[in-house]
Amino acid sequence: MKTRCVFSAPDIDTAEAALHVALHMGIQPDHAALVGRPEIEMTQMPDDEKEGSPTDFMPAAMRGLIGGGVVGLVVGLLAMAIPAVAIPLVAVLLCTLVGALVGGWAAALAGSSVPSEVRRDFRSEIEAG
């Protein structure tokens, strides 16, 4: 189970100090991040302390792969069941593969523009500084 703790700091120095204390206490560097307004992140935060992936790219791509694969499988099975079309089983697998690829690609494109969960949940606090 994943537990996320989010803290708000009044300024960048306090946030950096809290991050360094957390890292000193044993929090893994990959499990800690500073998130701020874009202009603060670009100018005041060191690169190694910035959030690694600020978008919903990978989760959206996985949902798209699964959803597209299911839709491709259903379309392929329906085409196989219709006597006038009567595609072979290999074509059903091809429909599933194409559906998964197209679904994953489309969802990944959409997910790349969606901010991360932390940014969505704490948008007003981040914009306030």
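**Entry 1: cover of α4**

I looked up what covers the buried residues of helix α4 in this predicted model, and the cover includes α3. The buried residues of α4 are Val92, Gly99, Ala100, Gly103, Gly104, Ala107, Ala108 and Gly111.

**Entry 2: geometry of the pair**

I noted the limits of the two helices: α3 covers residues 57-81 and α4 covers residues 89-111. Their axes lie 6 Å apart, and the packing angle is about 150°. Angles over 145 degrees count as roughly antiparallel, so α3 is roughly antiparallel to α4. I also looked up the hand of the crossing of α3 and α4, which is right-handed.

**Entry 3: residues in the contact**

Which residues of α3 meet α4? I listed Phe57, Ala60, Ala61, Gly64, Leu65, Gly68, Gly69, Gly72, Leu73, Gly76, Leu77 and Met80 on the α3 side. On the α4 side I listed Leu89, Val92, Cys95, Thr96, Gly99, Ala100, Leu101, Gly103, Gly104, Ala107, Ala108 and Gly111. Sorted by class, the contact of α3 with α4 holds 14 nonpolar and 10 polar residues, and no charged ones. Gly counts as polar in this sorting.

**Entry 4: helix lengths**

I checked the span of each helix against 1.5 Å a residue. For α4, with 23 residues, the expected span is 33 Å. From its first C-alpha to its last, α4 reaches 32 Å, which is close to the expected value.

**Entry 5: Val74**

I picked Val74, which is found in helix α3. Is Val74 buried, partly exposed or exposed? Its relative accessible area is 43%; buried needs under 20% and exposed over 50%, so Val74 is partly exposed. I also took the separation of Val74 from Cys95, a residue 21 places away along the chain. Their C-alpha atoms are separated by 8.8 Å. Cys95 is among the α4 residues in the contact with α3.

**Entry 6: Ile27**

I turned to a loop residue. Ile27 is in the loop between α1 (12-24) and α2 (38-43). Its relative accessibility is 41%, so Ile27 counts as partly exposed. Leaving out residues up to four places away in sequence, I found that Ile27 touches Ala22 and Ala32.

**Entry 7: the chain as a whole**

I closed with the totals. How many helices and strands are there in the chain? There are six helices and zero strands, and from the N terminus on the elements run α-α-α-α-α-α. The chain has 129 residues, of which 26% count as buried. I looked up the contacts between residues at least 6 apart in sequence, and 62% of these join residues at least 24 apart.

Terms used: Residues are numbered from 1 along each chain as its sequence is written. This is a predicted model: local features need pLDDT of at least 70, side-chain atom pairs count only at pLDDT 80 or more; totals for chains, interfaces and linings use all residues. Side-chain values use heavy atoms; hydrogens and water are left out. Axes are lines fitted to C-alpha atoms, for helices over the stretch in contact, and angles run from 0 to 180 degrees between N-to-C directions. Helices (H or I, at least four residues) and strands (E, at least two) are DSSP runs, numbered from the N terminus. Angles under 35 degrees count as roughly parallel, over 145 as roughly antiparallel, 65 to 115 as roughly perpendicular and the rest as oblique. A crossing is left-handed if the near helix is turned anticlockwise from the far one by less than a right angle, and right-handed if clockwise. Contact means heavy atoms within 4.5 Å. The expected span of a helix is 1.5 Å times one less than its number of residues. Buried means under 20% relative accessible area, exposed over 50%, partly exposed in between (1.4 Å probe, protein chains only).
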